[in-house]
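Me: I would like a close look at one part of this model. Please keep the answer connected.

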Amino acid sequence: MYAPDRDQDLRWMNRAISLAALCPPAAGAYSVGAVIVGEDGSELASGYSREADPHEHAEEAALAKLPADDPRLAGATIYSTLEPCSQRHSPRTPCARRILEAGIPRVVIAWREPSLFVDDCVGYEQLVEAGVVVVELPELAAAAKATNSHLPGLSEEGSR
């Protein structure tokens, strides 16, 4: 499993934040970036919310660029600027479940999903319960939130 030091985690999360800045703003959705890094420390895939269609999440976009059975995923880390979703308003598979199905053993996030659209996102908990290592980088939370300034009420909402 790719287990970098904190400086490398911060570097990859900054890459994910730069991807989140590419998201077309949407009134009812977060702008999120995601990067999948292989065990050797190389970028395997990346994506951002609404990259290919209006309902696509960042983790979904990144995972779609790799074969589902890609053996490199078994040792990879996915960096997501926001906690992977545990439920969706669309009929698509939640990102926490996608990560589990892909077999990615490590997830790094910048901030937990607030109760703006979903009352109780438990993606973090679902991943941990399944044995995934989840690391939060609170020092980058403000930068990740900044890409979501289009969402009214977010600043008052705070994070969980």
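Me: In S2, which residue is the bridge partner of valine 35?

Reply: Serine 46 is the bridge partner of valine 35 in S2. A word on the basis: this is a predicted model, where local features need pLDDT of at least 70, side-chain atom pairs count only at pLDDT 80 or more, and totals for chains, interfaces and linings use all residues. Residues are numbered from 1 along each chain as its sequence is written, and side-chain values use heavy atoms, with hydrogens and water left out.

Now the strands around that bridge. S1 and S2 run antiparallel and are joined by five bridges. Strands, here, are DSSP runs of E with at least two residues; helices are runs of H or I with at least four; both are numbered from the N terminus. Two strands pair if DSSP finds at least two bridges between them. Strands of a sheet pair through backbone hydrogen bonds, either parallel or antiparallel.

S1 and S2 belong to an open sheet of five strands. The order is S2-S1-S3-S4-S5, and the pairing is mixed. Strand S2 (43–48) and strand S5 (133–136) are the edge strands, each pairing on one side only. Neighbouring strands are turned by 15° against each other on average, direction ignored. Axes are lines fitted to C-alpha atoms, for helices over the stretch in contact, and angles run from 0 to 180 degrees between N-to-C directions.

H1 lies across S1, S2, strand S3 (77–80), S4 and S5. H1 runs at about 135° to S1. Contact means heavy atoms within 4.5 Å.
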